[in-house]
Amino acid sequence: MLYYTGYDHLPYMPFPPSWPVYTPAQKLADWLEYYAEAMELNVWTSATVIHAEPKGGKWKVVVRKGDGTERIFHPDHVIMAVGFGGGVPKVPKIPGQEGFQGQVLHSTQHKSARDHVGQKVLVVGACTSAHDIAADYVDHGVDVTLFQRSSTYIMSTKEGMPRLFKDTFWEGVGPTEVSDRVHTSLPAFMLKEMHVRLTSEIAEADKQTLEGLKKAGFKLNFGQDGSGFLYNAMTRGGGYYLDVGSCQKIIDGQIKLKNDSQIERFTKTGLLFTDGSELDVDVVLFATGFDGARAAICRLVGEDLGSTMSQIWDLNEEGEAYGAWRYLGVPNFWFMTGNLAMCRFHSKHLALQIKAIQEGVYGTRYAP
């Protein structure tokens, strides 16, 4: 995974100007450790929240640490920061899986392509994790096929990012604090219309790659009403791949492609498709995303309390994100999500709401 440093600065301590524009995940992990120390943040790793419930005007939160011991906290507020998908793997139920003689995995279980050297792999999915994992297999000489269930939006980071962020978050534009305000001052529905033009411009710049993908049989789309990447992220939280090299592997045939019919069932040696075709593989890897934040939250607070929460993600009729950084339907229970840039900006809005409640000056919400 790559992070664009001009967009993804953390609050109060931006990335050094000497850092690479696109920061590899391991380098970012090192930075996060340093950031936590420098900002004196109390961060626990290798710990799991077991249960959370409102109790006596506060919350009771049970946490199991890596050594097996448990701690019980009684905070005034709980903030869920479990990501768009909530970390709960989403795996399609396909008949016949119990009879399949090979291995079935979800992308969260993928460690390294070295685990499957000499085997044939089918990756189910065609967005970010599917492309990255398929590329990993190719780089290790593994026979891999990408199964595309539906069309995907493709944009290269090289051509797309400068066009999307040239006036706000690109190098040399200005202070991040100002860019945050400029970027978020634009109504989401207006941004959608503007990005129709930008998406067309990016597609023209990526023409060679997109034409190559079409020739290979890859199914493309350009987002809702042609609005591309950012609006897709704001509404779906997925459905795209920002190309950093995997597309060329599809074009060159290194990553094989199948998308001419849907999966009907597992066989002993692979999969049978609705058009009658079969594909024998040793490994089926589902890069099919996650079940949603609601599922992860309900695991902690229970279905009864979870059912009172508002919708999470997508845009409401005013163009604001459902459930994120605002009242979630349960008092003193919040949901924080998005990339580093979203969290940097909206964390202040969430913190101010909590501060107002603690000070007794919160007042009446202007909307549900």
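The model is a predicted one, in which local features need pLDDT of at least 70 and side-chain atom pairs pLDDT 80 or more, while totals for chains, interfaces and linings use all residues. Residues are numbered from 1 along each chain as its sequence is written, and side-chain values use heavy atoms, without hydrogens or water.

I then looked up the geometry: α3 (residues 157-165) and α5 (residues 188-205) pack at an angle of about 150 degrees, their axes 9 Å apart. The two helices are therefore roughly antiparallel (an angle over 145 degrees).

For the contact (heavy atoms within 4.5 Å), I listed Glu 159, Gly 160, Arg 163 and Leu 164 in α3 against His 195, Leu 198, Glu 201, Ile 202 and Ala 205 in α5. I sorted the residues of this contact into 4 nonpolar, 2 polar and 3 charged, with Gly counted as polar.

Next I turned to the strands. β3 (residues 48-55) runs antiparallel to β4 (residues 58-64), and 7 bridges join them. I found Val 63 in β4 as the bridge partner of Val 49. The two strands form a hairpin with 2 residues between them, and Gly 56 in the turn has a positive phi of about 60 degrees.

Last, is Ser 112 buried or exposed? I recorded Ser 112 as buried, because its relative accessibility is 14% (buried means under 20%, with a 1.4 Å probe and protein chains only). Ser 112 lies in the loop between β7 (103-106) and β8 (120-124). Leaving out residues up to four places away in sequence, Ser 112 touches Asp 136 and His 140.

Definitions and conventions. Axes fitted to C-alpha atoms, helices over the stretch in contact; angles between N-to-C directions. Helix = DSSP H or I, 4+ residues; strand = E, 2+ residues; numbered from the N terminus. Parallel < 35°, antiparallel > 145°, perpendicular 65-115°, else oblique. Pairing = 2+ DSSP bridges. Buried < 20%, exposed > 50% of the residue type's maximum accessible area, 1.4 Å probe, protein only.
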